[in-house]
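Open the model in your viewer and keep the sequence panel beside it. The stops below say what to select and what is there.

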Amino acid sequence: QQSSSRLRDLERANRAKADKIRGYREIIVRLKDEFLRAEADRAASDAENRLRAQHSSNKVEQGMLLVSGDELRELRRRVTELQEGLRLAREDLDKVTINWRV
């Protein structure tokens, strides 16, 4: 009977730890999503500020703001970086989840 009681205690403790891990995972997912969203917003804001600067210095042609090739490449690089970061974050979370279930 002692071993049965001990087993129930261990199972209860295991469930509590599993619930705690699940909660931490949800927090991590939210934080990573918020971070990536903030980085994307910052990149967009930087691009918008550059466009405003161009506009204010009269670099407007046929109603379209000009973006230099270097600026466009930099913006594309940043977007690609953010996408890759998101992909890696999701892979990391999947690995943690898979390891936790095993």
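Start at Asp46. Asp46 is partly exposed, at 24% relative accessible area; the class lies between buried (under 20%) and exposed (over 50%), with a 1.4 Å probe and protein chains only. This is a predicted model, where local features need pLDDT of at least 70, side-chain atom pairs count only at pLDDT 80 or more, and totals for chains, interfaces and linings use all residues. Residues are numbered from 1 along each chain as its sequence is written, and side-chain values use heavy atoms, with hydrogens and water left out.

**Stop 1: Asp46 and its partners**

Asp46 and Arg42 form a salt bridge, with their closest N and O atoms 3.7 Å apart. The term requires a side-chain nitrogen of Lys or Arg within 4 Å of a carboxyl oxygen of Asp or Glu. Both residues sit in helix H1, four residues apart, so about one helical turn separates them. Helices here are DSSP runs (H or I, at least four residues), as are strands (E, at least two), numbered from the N terminus. Arg42 is partly exposed, at 41% relative accessibility.

Which residues are linked with Asp46 in a network of salt bridges? Select Glu39, Arg42 and Arg78 along with Asp46 to show the network.

**Stop 2: Arg78**

Center on Arg78. This residue belongs to helix H2, residues 69–101. Is Arg78 buried or exposed? Arg78 is buried, with a relative accessible area of 12%. Now show its contacts (heavy atoms within 4.5 Å). Leaving out residues up to four places away in sequence, Arg78 touches Arg42, Ala43, Asp46 and Arg50.

**Stop 3**

Arg77 counts as partly exposed, at 39% relative accessibility.

Go on to Arg87 and Glu91. Their side chains meet in a salt bridge of 2.2 Å, N to O. Here too the residues lie in H2, four apart, about one turn of the helix. Arg87 is partly exposed at 39% relative accessibility, and Glu91 is partly exposed at 32%. How many salt bridges does the rule give? The count comes to nine.

**Stop 3: Ala47 and Leu75**

Return to helix H1 and pick Ala47. Ala47 is buried, with a relative accessible area of 15%. Draw a distance to Leu75. The two C-alpha atoms are separated by 7.3 Å, although the residues are 28 apart along the chain.

**Stop 4**

Areas come from the Shrake-Rupley method with a 1.4 Å probe, and for residues only the protein chains shown count as cover.

Ile27 is placed in helix H1, residues 2–56. At 39% relative accessibility, Ile27 counts as partly exposed. Now draw a distance from Ile28 to Leu93. Their C-alpha atoms are 8.5 Å apart, across 65 residues of chain.

**Stop 5: the whole chain**

Zoom out and color by element. The protein has two helices and two strands, running α-β-β-α from the N terminus. Of its 102 residues, 10% count as buried. Among contacts with a separation of 6 or more, 68% join residues 24 or more positions apart. The protein exposes about 8600 Å², and carbon and sulfur atoms supply 54% of that area.

**Stop 6: confidence**

The mean for the protein is 80, and 82% of its residues reach 70 or more. Where is confidence lowest, and where is it highest? Strand S1 (residues 60–61) is lowest, at a mean of 47, and H1 is highest, at 85. Over residues 59–63 the pLDDT is below 50, and this stretch has seven contacts in the model beyond near neighbours in sequence. Where pLDDT is low, the predicted coordinates should not be read in detail.

Conventions: pLDDT = per-residue confidence, 0-100.
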